[in-house]
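Have the sequence and the 3D view at hand while reading.

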Amino acid sequence: MKKKAKFWAAVLCAGLLCGCGNGVSVETSEALKEQTEAPESRTESEKLSEEPEKEQETPEEPVILSGEEITFFTRFIQERENYGFLLSEYDGPEDVDLEQVLYSGAGFGEGIPEEDIPLYLAAAGQEYLETDCLKFPVQSMEEFVQRKLGIGFKDVKKPLEWWIYVTETDSYYHEAGDTNFTLFSCVGGIRNGDTYTLRFTPESDWTEWMEDRETILVKGENGYRFLSNHFLTDSKTEGAEKQAAGKLPFETPLELSFSSGAGAWGTGITLKPDGFFEGGYDDSNMGDSGEEYPYGTHYTCSFSGQFFDIKQVNEYTYSMTLGELFSEKTAETQWIEEGVLYIAAEPYGIAGGKEFLLYTPKTPLDQLSEEFLMWWPGRWMNDETQETLSCYGLYNKEDGYGFFTYE
C-alpha cells in the first residue's frame with residue numbers, strides 16, 4: 001500500500017463547528033428509532049471518574065465529536081420528528097415555534113379521519129377541505145413536547161394561531177398543501193457531559209437561502225431534548241476563527257479521483273461548491289492473507305470535511321484551506337468480514353494537507369507544477385499539442401498530490 005499521510009483534523013469551538021453533509025436518506029430509520037443515545041466517545045479521564053474509590057469527581061472536559069457521532073446526529077436530525085426544531089430560533093424550549101415543528105406531522109400527525117371532517121369544517125367555517133389536513137390529538141402533542149422539550153404543551157409561549165382546535169375530539173387540525181421539510185446535516189460539535197452543542201448545515205438545495213444552525217441538545221432517559229437553536233447569520237458568526245468565504249466555480253458537485261494508475265489503491269471525493277466534501281480511500285493487498293482472512297487485506301476509509309477561506313487567485317485558480325476532516329473509523333481499527341481483513345486507514349491524499357488549489361479546465365498547463373501534473377491521467381495521453389488542463393484539478397500543496405475529474 002502507498003505510504004499514507006498523517007491524519008490531520010482541525011475542529012472549531014462550540015460557537016462555530018463545521019464539517020459536511022453525508023448524504024443520509026431522509027426516510028425514517030427503524031434502527032435509529034431504537035437507538036436513543038449517540039455512540040459513546042469517552043476520554044480516559046471520564047472512565048477514571050467512574051471509579052468508586054475516587055473521592056471527588058473531576059468536571060468533564062468538552063469532547064470533540066467523532067465522525068461516527070456526527071453521522072449519528074445527521075441521521076437524528078433528518079428524522080421527521082426532529083428536523084422541525086431547526087426551523088425557528090429559540091433561547092429556551094418554551095420559545096420554540098411548534099407550527100414549524102409540527103407542520104409536516106412530526107412523525108405522529110395523521111390524516112384527518114372521515115368522521116372528523118364535518119366537525120373540522122364547522123370549527124374552521126369552511127364548506128370543504130382546501131388541501132391535505134392533519135390531525136394532532138392534544139394528548140399526543142403533550143407527550144411529544146414533553147419528550148422533545150422537557151416541558152408541557154401549555155408551557156410553549158407561541159400559540160398555534162393558524163391551527164383549528166375541535167373540542168369534541170380534543171385535537172388540533174392543520175391544512176397544508178406543501179411541506180417545510182428541510183434536509184440538514186451535522187457537520188461538527190462538542191459534548192460536555194450530557195450536553196451537545198452541534199452545528200447543522202442545510203444540504204445544497206437549501207444553502208442559498210438558509211443559514212447554518214447551532215443547536216444545543218441534552219441527553220435524557222427518553223432520548224435527546226432540544227434546549228436552544230440559533231441561525232448562524234453573518235453577524236452572529238463575525239469574529240469566528242474560520243469561515244467559508246466565497247464559493248467554487250461550479251454548480252453541481254465534482255467527482256475527483258487521486259491514484260497512480262498502477263496498483264489497486266485510489267481516493268475519490270465529491271466536492272460541493274460551498275467547500276464541503278465526502279469521499280473514500282481503498283487499497284487491497286490480496287497477498288496479505290491469513291487463516292481467518294484467506295481473501296487478503298483491504299485498507300479503507302470513509303471521510304468527510306470542509307474547505308474554508310475560498311478565494312479566487314486568478315482567472316483559472318481558486319485557493320482554500322482545509323478546516324475540517326472526519327473519518328468514520330479510527331485509523332488502524334481492524335475487523336474481518338467475509339474472509340477479508342479490513343483495516344481503517346487515513347484519508348490518503350487529503351490528510352496532512354492544509355493549503356489546496358482548485359484548477360479549472362481552462363488552466364494553461366505551463367502554469368502547473370510537475371509535482372501536480374505527475375498525477376494527471378491525461379499526462380500520458382497528451383500529444384503535446386494540448387495547452388490546457390481540460391478538467392478540474394485539486395492540488396494538495398503540502399504533499400504534492402493531485403485529484404482530477406474525468407471529462
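The buried residues of helix α3 are G67, E69, I70, F72, F73, T74, F76 and I77. Buried means under 20% relative accessible area, exposed over 50%, and partly exposed in between (1.4 Å probe, protein chains only). Helices (H or I, at least four residues) and strands (E, at least two) are DSSP runs, numbered from the N terminus. This is a predicted model, in which local features need pLDDT of at least 70 and side-chain atom pairs count only at pLDDT 80 or more, while totals for chains, interfaces and linings use all residues. Residues are numbered from 1 along each chain as its sequence is written, and side-chain values use heavy atoms, leaving out hydrogens and water.

- Eight of the 11 residues of α3 (residues 67-77) are buried, so the helix is largely enclosed by the rest of the structure.
- An open sheet has five strands in the order β1-β6-β7-β8-β9, with antiparallel pairing; two strands pair if DSSP finds at least two bridges between them.
- Its edge strands, β1 (63-64) and β9, each pair on one side only.
- Eight bridges link β8 (residues 213-220) to β9 in the antiparallel sense, and K219 stands opposite Y224 in β9.
- α3 lies across β1, β6 (184-192), β7 (195-202), β8 and β9, at about 125° to β6. Axes are lines fitted to C-alpha atoms, for helices over the stretch in contact (heavy atoms within 4.5 Å), and angles run from 0 to 180 degrees between N-to-C directions.

**Helix α6**
- V138, M141, F144, V145, K148 and L149 are buried in α6.
- Seen down the axis of α6, these buried residues fall within an arc of 120°, so they line one face of the helix; the arc is that of the directions from the helix axis to the C-beta atoms.
- The buried residues of α6 pack against α3, α4 (98-102), β3 (133-137), β4 (164-166), β5 (171-175) and β9 (223-231).
- Just after α6, G150 has a positive phi of about 75°.

**The β18-β19 hairpin**
- Strands β18 (residues 393-396) and β19 run antiparallel and are joined by four bridges; N396 has Y401 as its bridge partner in β19.
- Four residues lie between the strands of this hairpin, and G400 takes a positive phi near 75°.
- In a regular strand the side chains alternate between the two faces of the sheet.
- In β19 (residues 401-404), Y401 and F403 point one way and G402 and F404 the other way, and all are buried.

**Cysteines**
- The disulfide count is zero, a disulfide being a pair of cysteine sulfur atoms within 2.5 Å.
- C186 is buried at 0% relative accessible area, and C301 is buried at 5%.
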